[in-house]
Amino acid sequence: MSRPLEDDDDAPEGGLLRVVIGENPPDRLDKALAREVPEEAALSRSRLMKMIAAGDVMRDGVAVTDPKTKVAEGEAYDLAVGHVAEADTLAEDIPLEVIWEDADLIVINKPVGMVVHPAPGSYSGTLVNALLHHCGDTLSGVGGERRPGIVHRIDKDTSGLLVVAKSDRAHHGLAAQFEKHTVNRHYLAVVNGAPSAADPRLRGMRGVSFESGGILKIATHLARHRTDRQRQAVVWNEGRHAVTRVRVLEAYGTPEVASLVECWLETGRTHQIRVHMAHAGHGLIGDQTYGGKRRVAAKAVGEAAADLANGFPRQALHAATLGFIHPVTGEELQFEAPLPEDMAVLVAALRGAGT
């Protein structure tokens with residue numbers, strides 16, 4: 001895992017990238033680093049091997065030059081990744097829905113379709129471009145040029161709440177809370193089917209259990225897919241521990257072919273909710289990557305609602321609640337954002353089909 005940014009959601013900007021070896025590491029350094037570095041760092045195993053040979057990988061300030069070096073959980077390695085050659089990130093006058101702002105942080109309700117920070121193919125129109133215009137030079141510089149103030153992120157096609165640091169003190173304080181998994185994050189999602197404790201398939205599935213109140217708990221490890229580095233996959237003997245809890249809020253259709261669920265994270269891994277719901281057989285509606293081929297049956301909810309669900313253009317996922325301790329004042333903060341229009345229309349159609 002990398003530090004100080006949350007889990008594997010963000011990539012290095014240049015200089016030194018600290019990587020901490022997670023649990024059950026591979027048997028050699030190059031493989032362990034390939035597993036732990038953020039996917040957007042674009043550090044392939046072959047490049048990591050070259051960096052090791054060049055003395056660009058250090059432990060306790062000493063270069064480690066043998067890719068076969070044995071590693072242990074908890075060891076920290078510093079990678080001299082250098083600076084990415086690219087144009088400066090520009091401020092852009094893009095409207096933002098600001099939920100909260102003070103001298104140290106800003107909370108944004110990110111719209112669907114907005115990338116959080118510049119990356120290859122998306123150097124403009126991002127949240128960072130908008131923040132640079134809105135906040136000027138007050139954003140924390142800890143994240144580097146491309147990610148000033150960014151402590152965590154949500155996918156381009158996921159809507160909802162993000163907190164961004166405007167001071168370095170706030171950045172470090174927020175990063176520590178994300179690392180300790182004390183940030184309260186609840187998501188709303190529309191999924192295929194309705195998870196139920198009465199479902200024998202779920203009760204017999206590895207990594208799946210039910211807690212009091214019918215809450216579905218999914219606990220697995222997650223790692224990059226072996227053949228598609230843009231995807232994550234459920235694994236058992238490698239990767240990173242990930243826990244998601246799910247509560248069904250509303251179920252739609254006879255039989256129940258879709259439901260509105262609340263998901264909350266004990267950990268924060270890349271695509272965690274999407275991968276876990278797919279693992280449980282209840283992939284998110286509209287998720288082209290993990291949702292599978294399951295479709296909402298028109299005979300259960302009517303043609304109009306089924307067409308809307310089956311044609312939904314993005315994963316139906318919204319970061320609805322965000323709570324944390326203000327890293328400077330110590331105040332307990334809690335924010336909520338209502339469903340965006342597209343998800344609200346989808347839920348209304350499914351809800352109406354059941355009346």
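## Basis of the model

Because the model is predicted, local features need pLDDT of at least 70 and side-chain atom pairs count only at pLDDT 80 or more, while totals for chains, interfaces and linings use all residues. Residues are numbered from 1 along each chain as its sequence is written, and side-chain values use heavy atoms, with hydrogens and water left out.

Helices (H or I, at least four residues) and strands (E, at least two) are DSSP runs, numbered from the N terminus. A residue is buried under 20% relative accessible area, exposed over 50%, and partly exposed in between (1.4 Å probe, protein chains only).

## Helix α4

Helix α4 has twelve residues, and its end C-alpha atoms are 16 Å apart.

The buried residues of α4 are Ala170, His171, Leu174, Ala175, Gln177 and Phe178. They fall within an arc of 160° seen down the axis, so they line one face of the helix; the arc is that of the directions from the helix axis to the C-beta atoms. These residues pack against β8 (159–165), β9 and β15.

## Nonpolar cores

In soluble globular proteins, nonpolar side chains tend to be buried together. A nonpolar core here is a set of buried Ala, Val, Leu, Ile, Met, Phe, Trp, Tyr and Cys residues joined through side-chain atoms within 4.5 Å. The largest core has 33 residues, of which Leu127, Leu131, Tyr187, Ile273, Met277 and Leu284 touch the most other members. Helix α3 (residues 127–135) gives this core its largest share, five residues. A second, separate core holds 20 residues, among them Leu188, Ala300, Met343 and Val347.

Contact means heavy atoms within 4.5 Å. Apart from its neighbours within four places in sequence, Met277 is in contact with Val191, Pro195, Ile218, Val246, His282, Gly283 and Leu284.

## Aromatic pairs

Rings of Phe, Tyr and Trp (its six-membered ring) pair if their centres lie within 6.5 Å; planes under 30 degrees apart count as stacked, over 60 as edge-to-face and the rest as tilted. There are two aromatic pairs in the structure. The pair of Phe324 and Phe335 is tilted, at 6.1 Å centre to centre and with 40° between the planes. Phe324 lies in strand β15 (residues 317–325) and Phe335 in strand β16 (residues 332–336), so the pair ties together parts that are eleven residues apart in sequence.

Phe324 and Phe335 are both buried. With Trp100, they form one aromatic cluster.

## Cysteines

A disulfide is a pair of cysteine sulfur atoms within 2.5 Å, and by this rule the count is zero. Cys135 is buried at 8% relative accessibility, and Cys263 is buried at 0%.

## Backbone features

Most residues other than glycine have a negative phi, and most peptide bonds are trans. Asp60 has a positive phi, near 55°. Asp60 sits in the loop between β3 (57–59) and β4 (62–63) and is exposed, at 73% relative accessibility.

His181 also has a positive phi, near 60°. This residue lies in the loop between α4 (168–179) and β9 (184–192), and is partly exposed with a relative accessible area of 30%. The peptide bond from Thr254 to Pro255 is cis, with omega near 0°; Pro255 is in the loop between β13 (240–252) and β14 (258–265).

How values were computed:
Expected span 1.5 Å × (residues − 1).
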